[in-house]
Amino acid sequence: MKIHWGRAFAGALIAEIAQIAAAFGWVAIYSYLINPGQPMATYEAHAQASGPWVSIFAGAPIFYAASRWIARSRPTALALFAIFFVIESALLVGMMESWTGAPVVLIGLSYLTKLCACALGGRHA
């Protein structure tokens, strides 16, 4: 049960970048196709409101894929999640002063879905 730390760090970084890209992609779809022509504040508010949901729905397949094809084992996949969790928690704490974001339940659900996706992806590797 060896952990490949290089793969875990690479997987966490790639998954984080993919998740950010998914959030930007969703806001682009919303702003150009669903609700075009609104002021920038409308899209910024939508980004804040939809971010946790994008994190849940896009995060699960992203973290599954990263765990299956980058981590390639359950211990490394769980290390990938742990690295992500530490980085993401630090970012959340850093944003607390200006944060008007997601309820704690959504954040917890997001972490839970990613943890399950990492465990499954590592198992299926």
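**Reading the labels on a predicted model**

Mentor: Glutamine 38 sits in the loop between helix H1 (5–34) and helix H2 (40–71). Helices here are DSSP runs (H or I, at least four residues), numbered from the N terminus. This is a predicted model, in which local features need pLDDT of at least 70 and side-chain atom pairs count only at pLDDT 80 or more, while totals for chains, interfaces and linings use all residues. Residues are numbered from 1 along each chain as its sequence is written, and side-chain values use heavy atoms, with hydrogens and water left out.

Trainee: Why is glutamine 38 called partly exposed?

Mentor: Buried means under 20% relative accessible area, exposed over 50%, and partly exposed in between (1.4 Å probe, protein chains only). Glutamine 38 has 35%, so it is partly exposed.

Trainee: What makes the pair of glutamine 38 and asparagine 35 a polar contact?

Mentor: The term requires a pair of N or O atoms within 3.5 Å; within protein, one must be able to donate a hydrogen and the other to accept it, and residues adjacent in sequence count only if both atoms are side-chain atoms. The side chains of glutamine 38 and asparagine 35 make such a contact at 3.4 Å.

Trainee: Why is threonine 76 called buried?

Mentor: Threonine 76, in helix H3 (residues 74–95), has a relative accessible area of 0%, so it falls under the 20% limit. Its side chain makes a polar contact with the side chain of serine 73 (3.0 Å).

Conventions: Helix = DSSP H or I, 4+ residues; strand = E, 2+ residues; numbered from the N terminus.
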